[in-house]
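I opened a new notebook page for this one. Below is what I looked up, entry by entry.

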Amino acid sequence: MITERLKVTCDKVVSHQQLACCQSFTGIPLHGKDILIYTHLDVGQKALSLTGHHGEITSMTFGKQNSPIHLCSASADYIIVWDMQECQKKVSQGELAAGTVIATLLGEVVHISFCFSDKRVAACSGATVYILSSQKEEIISALTGHLGSVTSAEFCPWNKDVLITTSEDRTFKVWDLNTESVFYQSFVLSASPLLSLLILKDNRQIIAGSTDGQVWCYSIRADFTCQLVTKIDLHKSEQKHQAGMVDQSVEAKVDISKPVLKMASFGSCNDFSDGEKKDERWLCIGSTDGLYVVDVATSELVTVLYFKDHLSLSVTMAGSWVFSDKYKDSVVFLVSSLFTPCVALLEFLLDDAGRTCAGNQGFSVFSRSPTLLESPLNAELKKKEPNNAKKKGISKEQPLVFHANIKSSGYTSSPRKLMFIPKTNAQKKQSFVKTKNKKGLLLKDYPEDTAAPTVRRAHLSVTNKPAYCFQYSGDGKQILCGLGDNSVLLYKSSLTGNPAVYTGHDKPVSCVSWSLNRHCWLSASHDQTLRLWTHDISEPAVIMGKQMFSKPIKGAQFYYLDKFLLLASGDSLHLYLYHVDVTHDDVKRYEHRSFVKLARCFSTSSGADITDLSAINDFFSHIVLACASDRSIQVFDMNKGRVAAEVPDAHSRAIHCITQNKGSMFSTQAPESYNLFLTSAVTDGVKMWDLRTLRCVRRYENHVNRCHPCSSTFSPCGRFIASGSEDNCAYVYDIRSSSYLHKLQRHSETVLSVAFNPATPQLLTGTLDGKISLFEPSSGVRLTRDPTSAAPNMVM
């Protein structure tokens with residue numbers, strides 16, 4: 001909700017001028033040459049008038065310091081710095097308020113800004129940026145290099161000698177003020193000029209906006225080079241935000257230009273149902289038709305406040321914006337009308353944005369209640385009773401001795417002469433089993449402070465077909481590799497030695513999964529079959545054939561501490577009980593004793609086909625996550641046996657990968673971390689979601705994913721995220737930042753699959769051409785390369 005605190009009618013339209021606003025004061029030009037200063041604490045108080053310019057004022061701004069508060073105003077003749085406290089004191093004494101002239105005749109200044117100590121001022125005039133002293137008339141430096149007029153300039157918050165500028169030449173530059181040289185110059189970003197600039201100190205990012213509603217977010221490295229994090233299109237974000245709205249008016253359907261006039265970043269705090277608080281960071285974008293609030297972490301539009309929806313406001317179309325600092329839970333901003341000589345001081349409550357995006361369903365990956373009596377999770381396999389022969393008639397009397405021969409009492413035998421002979425040469429029997437001194441008998445904690453894997457330790461050429469999927473065993477000692485040549489390889493985690501090869505599928509293997517006890521594992525294929533295998537057995541213990549499923553299996557795994565087999569086919573989620581018995585009768589050698597039984601079948605709420613699924617198997621969890629072809633996320637409550645919630649339009653394309661933060665037996669994370677999960681979609685990057693709110697909490701878009709189903713995964717410590725990419729690289733992200741930490745290069749093709757070792761900091765990658773690479777942290781690692789393929793041990 002927007003409320004109007006002050007309205008000022010000017011003598012002329014000031015729609016394209018830079019106005020001034022801070023926590024305490026508002027500055028508005030009067031008669032072109034004078035300035036009116038209003039106090040926020042009492043907007044009805046008579047305004048303070050400042051005179052001194054001879055030309056028309058084109059821009060003004062307040063300083064960054066709270067005491068004293070400085071105002072800088074610019075015209076074609078002078079640039080003047082005013083001390084607000086001194087000016088108020090002089091006016092109260094009946095004297096004329098005066099300022100300090102710091103520059104003369106610099107031309108039309110369209111933008112000015114203070115540094116964070118208020119000692120320097122940047123003034124943009126034409127294609128030149130002048131760095132001025134705020135205390136005396138002195139030009140410290142003049143920066144030239146843009147091919148068009150400079151539209152904004154801001155000092156770096158953490159380095160006073162760095163300045164960032166945007167220009168009508170559609171680029172931005174990062175300047176070194178000591179040498180007057182350029183650290184970094186961007187490419188041409190848009191067909192429209194760049195108009196506004198914002199620098200975020202917390203995560204060290206640059207946000208630039210253009211006149212056609214495009215917003216770019218770059219992260220600043222230590223050497224002040226920049227890396228693109230994400231891009232936002234206000235038009236597309238608005239259309240997606242309004243997708244669920246019906247009965248839109250004709251005016252809402254008319255395309256309106258959405259220039260990014262001004263931006264500001266503010267924080268807010270929202271409560272979860274369990275009392276926990278989560279900090280939010282909003283990016284407020286002032287445009288012509290209203291205020292756009294964007295979540296900084298996810299780059300998604302949270303809410304839009306249109307001027308036309310607030311009939312009490314004096315402004316219907318904005319020409320310029322200026323934001324003040326956050327005051328308590330509200331933001332105060334000054335807006336000038338685009339077509340009328342009017343300026344309004346407006347206020348917006350940040351809590352309104354939090355309530356708008358709130359959707360807390362109270363879900364948790366941990367089981368909060370016991371299973372219901374009718375729950376599908378209570379299903380059990382009935383044990384087969386032995387086929388005892390039925391007794392017919394009345395049983396006959398049986399003798400007390402059932403043996404045919406009775407042992408003699410010994411009275412008829414000769415007496416024993418030798419009663420006892422001790423064993424004097426007997427060796428002492430050991431009371432314990434001798435064990436070898438092996439490493440790894442005790443669980444070693446996963447190192448929480450280690451660096452991300454970046455150095456390639458091993459490289460194998462396995463096949464010329466894609467490596468579609470990987471999974472480590474729970475102890476991290478073995479790896480399952482599902483390949484496009486219809487086979488599954490079983491490697492040691494070091495990728496040394498010859499792998500065991502399991503064949504039998506008729507099409508590429510799309511999914512592999514270990515059981516929690518590591519006694520068996522499963523593989524699913526595009527041939528609509530699932531096979532359950534055990535160690536060192538050439539044949540699968542269970543084959544679930546084509547006749548059981550109408551469509552290919554899109555995801556399969558063990559579930560509920562290995563009690564069930566969970567798989568998805570078509571629009572259905574299947575829950576199977578299973579029994580594995582690999583023993584054979586010598587007479588009936590080909591009779592299989594393993595079997596499966598369907599416990600329950602679930603369907604998506606929309607009837608769309610499931611594209612992938614994820615569930616926790618390491619502990620009891622009632623939640624199963626599935627993504628569907630209609631771009632939705634389905635949350636199944638297996639305890640109640642129904643779809644508990646749905647997130648529509650989670651991505652712009654169908655999700656091809658969904659994975660949860662499962663941790664491992666070697667690491668311990670905060671309980672809240674296990675409620676995080678990832679989704680990946682072609683052309684739409686990777687999103688991280690929170691199960692407690694079913695909201696996207698962060699977005700990762702640096703990797704390239706245009707057509708192939710590249711997977712993503714969490715590290716066991718929960719600090720990193722890895723994703724495949726189509727630029728022949730794998731990307732490692734810090735979970736707390738949207739920009740990537742490392743770009744793992746030297747892959748020969750698209751990286752399709754990634755997997756972290758649960759026991760040690762290792763990352764495994766698989767490519768479209770069948771190459772497998774193993775990465776480790778750089779410290780203490782020696783790179784070895786095996787370009788030849790390991791000869792497999794065929795298991796037929």
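Predicted model: local features only at pLDDT ≥ 70, side-chain atom pairs only at ≥ 80, totals over all residues.

**Entry 1: salt bridges**

Before picking a pair, I noted what counts: a salt bridge is a side-chain nitrogen of Lys or Arg within 4 Å of a carboxyl oxygen of Asp or Glu. Side chains of opposite charge can pair when their charged atoms come close.

I started with Arg120 and Asp161, whose side chains form a salt bridge at 3.7 Å, N to O. Where do Arg120 and Asp161 sit in the chain? Arg120 is in strand β11 (residues 120–125), while Asp161 is in the loop between β14 (150–155) and β15 (162–167).

Next I checked burial. Arg120 counts as buried at 15% relative accessibility, and Asp161 is buried too, at 15%. I then found that Lys160 belongs with them: Arg120, Lys160 and Asp161 are linked in a network of salt bridges.

How many salt bridges does the structure hold? I got 20.

I looked at Asp609 and Lys551, which form a salt bridge with their closest N and O atoms 2.8 Å apart. This pair also links distant parts of the chain, 58 residues apart. Asp609 is in the loop between β41 (595–603) and β42, and Lys551 is in the loop between β37 (542–544) and β38. Are these two buried or partly exposed? Asp609 is partly exposed at 25% relative accessible area, and Lys551 is partly exposed at 36%.

Then I went to Lys771 and Asp769. Their closest N and O atoms are 3.4 Å apart in a salt bridge, and both residues are buried.

**Entry 2: aromatic pairs**

I counted rings next, and the structure holds 27 aromatic pairs. One of them is Trp521 with Trp533: the ring centres are 5.5 Å apart and the planes are at 15°, so I logged the pair as stacked. Trp521 lies in strand β35 (residues 520–525) and Trp533 in strand β36 (residues 530–534), so the pair ties together parts that are 12 residues apart in sequence. Trp521 is buried at 0% relative accessible area, and Trp533 is buried at 1%.

I compared notes with another pair, Tyr560 and Phe620. Their ring centres are 4.7 Å apart and the planes are at 55°, so this pair is tilted. Tyr560 is in the loop between β38 (553–559) and β39 (564–569), and Phe620 is in the loop between β42 (610–615) and β43 (623–628). Tyr560 is buried at 9% relative accessibility, whereas Phe620 is partly exposed at 43%.

I also jotted down a cluster: ring pairs link Phe266, Phe307, Trp321, Phe323 and Phe333.

**Entry 3: charges over rings**

I found Lys64 with its charged end over the ring of Phe116, 5.4 Å from the ring centre. Lys308 lies over the face of Tyr306, 4.9 Å from the ring centre.

**Entry 4: helix α2**

Which residues of helix α2 (residues 234–241) are buried? I listed Leu234, Ser237 and Glu238. They cover an arc of only 100° around the axis, which puts them on the same side of α2. The background for this is that an α-helix has 3.6 residues a turn, so residues three or four places apart point the same way. On the face turned away from the buried side I found the exposed residues Lys236 and Gln239.

I checked the N-terminal end of α2 as well. Asp233 caps it, with a side-chain oxygen 2.9 Å from the backbone nitrogen of His235.

I noted a cis peptide bond joining Ser67 and Pro68, with omega about -10°. Pro68 is in the loop between β6 (57–62) and β7 (70–75).

Lastly I looked up two positive phi values in residues other than glycine. Asp118 has phi near 65°; it lies in the loop between β10 (109–114) and β11 and is buried at 4% relative accessibility. Leu694 has phi near 55°; it is found in the loop between β48 (686–690) and β49 (695–700) and is buried at 10%.

Conventions
Residues numbered from 1 in each chain as written. Heavy atoms only, no water. Buried < 20%, exposed > 50% of the residue type's maximum accessible area, 1.4 Å probe, protein only. Helix = DSSP H or I, 4+ residues; strand = E, 2+ residues; numbered from the N terminus. Arc of directions from axis to C-beta. Polar contact = N/O pair within 3.5 Å; in protein donor to acceptor, adjacent residues only side chain to side chain. Phe/Tyr/Trp six-rings, centres within 6.5 Å; stacked < 30°, edge-to-face > 60°. Lys NZ or Arg CZ within 6 Å of the ring centre and 35° of its normal.
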